[in-house]
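Below is the structure, followed by my notes, point by point.

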Amino acid sequence: MIRTEELLLNVGPQHPSTHGVFRIIVKIDGEVITEATPVMGYLHRGTEKLAENLNFTQIIPYTDRMDYVSAMTNNYVLCHAVEKMMGLEIPERAEFMRLIVMEMQRVASHLVWWGTYLLDIGALSPFLYAFSDRERILGLFNELCGARLTYNYMRVGGVKWDAPDGWIDRVRTFVKDMYNRLDEYHNLVSGNEIFLSRIKGIGQYDAQTAIDYGLSGANLRCTGVQWDLRKAEPYSLYDRFQFDVPVGKNGDCFDRYEIRMAEITQSLRILEQALEQFPGEGETMGKVPRVIRPPAGEIYVRIESPRGEIGCHIVSKGKAEPYRLKFRRPSFVNLQILPKLLVGESMTNLVTILGGIDIVLGEVDC
């Protein structure tokens, strides 16, 4: 019998697989993890506290930076909360623009995850393919709002800019091309024996555990729970479109992989329908007071981001600034299960499990 000594090891806060400044302190006995402690806060910026001294339009750029690969979705959850408080009516063309950019953002976000996840576990080519396709989405966003990462595109009552000439047609072309690229992705990776041996049966948990931990997104649906807020509690225009909610049954890293890949396909389906029904004309901003002052009271709204349920809780005193603002960040909540998944696993599976959860550090620390 080989005698081993327990070792304390730091993974991060600048380890490549953590994609930012996230740190895990692990105790290992040989190659086996006996204890794992996530350490968060290296990127904390006090967004929610800063918002108390900003008007609602000034807060929107801060939401971009919470989840910098899903900025459009974060823009929407804040604007949606304020609009519900004020009972505002959003022009149809503006709502279509919002939905189109949110689904394009979902595809772009999943492409970042796919490329970096495979890079972390040893495959370089998928990263190059994914970022090549994501670049096309960023180019379309750049045409729309002049930015590639932090967009500041949505406004309370609508959107800042209308689609430029030919933009809708270019999105149609991208959607058509992306279907073919997805086939290439699956041929390259999804049936690869080495890849399957790395992720099948790893990081497994059941539906009750997922619910107990408050997981959402692919981290919940991988256990067979069919819960997607676009279907369960439709917002925007999602109730007009046909799409499926992919689920797994084993609750492992492979199921989470398959679900996110299937979600790209479903987002493309939604985009096809939205582009087909897109209004030929109309306003992009509703009738909004010059100074936005939601009535006194509080509200909580939630939507489906690429990482799961993102919520926005606003407490208003009837002023131009929120009295309190709190975001439910899916990355922060989903991360809570990490210690449970790591204990008993080998160090070689740490990156596989962490990447399978799909966290964004800006959203963890906020």
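**Notes on the model**

1. Let me begin with a loop: N152 is found between α5 (125-145) and β4 (154-155). N152 has a positive phi of about 50° although it is not a glycine. N152 is partly exposed, with a relative accessible area of 24%; buried means under 20% relative accessible area, exposed means over 50%, and partly exposed is in between (1.4 Å probe, protein chains only).

2. A word on the ground rules: this is a predicted model, in which local features need pLDDT of at least 70 and side-chain atom pairs count only at pLDDT 80 or more, while totals for chains, interfaces and linings use all residues. Residues are numbered from 1 along each chain as its sequence is written, and side-chain values use heavy atoms, with hydrogens and water left out.

3. You will find S236 in the loop between α10 and α11.

4. The structure holds 13 aromatic pairs, where rings of Phe, Tyr and Trp (its six-membered ring) pair if their centres lie within 6.5 Å; planes under 30 degrees apart count as stacked, over 60 as edge-to-face and the rest as tilted. One of the pairs is Y76 with Y235, which is tilted, at 5.8 Å centre to centre and 35° between the planes. Y76 belongs to helix α3 (residues 71-86) and Y235 to the loop between α10 (229-232) and α11 (253-277), so this pair links distant parts of the chain, 159 residues apart. Both Y76 and Y235 are buried.

5. F96 and F241 make an edge-to-face pair, with 6.3 Å between centres and 75° between the planes. F96 lies in helix α4 (residues 92-120) and F241 in the loop between α10 and α11, so the pair ties together parts that are 145 residues apart in sequence. How buried is F96? Its relative accessible area is 1%, so F96 counts as buried. F241 is buried too, with a relative accessible area of 3%.

6. Please also look at the aromatic cluster formed by W113, Y117, F195, F254 and Y257. R260 lies over the face of W113, 4.8 Å from the ring centre. The rule for such a contact is that NZ of Lys or CZ of Arg is within 6 Å of the ring centre and within 35 degrees of the ring normal. Elsewhere, the charged end of R329 sits over the ring of F332, at 4.9 Å from its centre.

7. How many disulfides are there? The count comes to zero, taking a disulfide as a pair of cysteine sulfur atoms within 2.5 Å. For C145, the nearest cysteine sulfur is that of C79, 13 Å away. C145 is buried, with a relative accessible area of 12%. For C222, the nearest cysteine sulfur belongs to C253, at 8.6 Å. C222 is buried as well, at 0% relative accessibility.

8. Now to the sheets. An open sheet of three strands has the order β1-β2-β3, with antiparallel pairing; two strands pair if DSSP finds at least two bridges between them. β1 (6-11) and β3 (32-39) stand at the edges with a single partner strand each, so one side of each is left without a neighbour in the sheet. The twist averages 20° from one strand to the next, with axes being lines fitted to C-alpha atoms (for helices over the stretch in contact) and angles running from 0 to 180 degrees between N-to-C directions. Six bridges join β1 to the antiparallel strand β2 (residues 23-29), and the bridge partner of L9 in β2 is V26.

9. An open sheet of three strands also has the order β6-β7-β8, again with antiparallel pairing. Its edge strands are β6 (297-305) and β8 (324-328), each pairing on one side only. Here the twist averages 10° from one strand to the next. Strand β7 (residues 308-316) is joined to β8 by five bridges, and the two run antiparallel. Which residue stands opposite C312 in β8? The answer is F327.

10. Last, the record: UniProt places the feature "domain: NADH-quinone oxidoreductase subunit D" (unreviewed entry) at residues 120-294. UniProt positions are given in the numbering used here, feature names are shortened, and annotations may be inferred rather than shown by experiment. Over residues 120-294 the chain is 53% helix and 2% strand, with the end C-alpha atoms 45 Å apart.

Notes
Helices (H or I, at least four residues) and strands (E, at least two) are DSSP runs, numbered from the N terminus.
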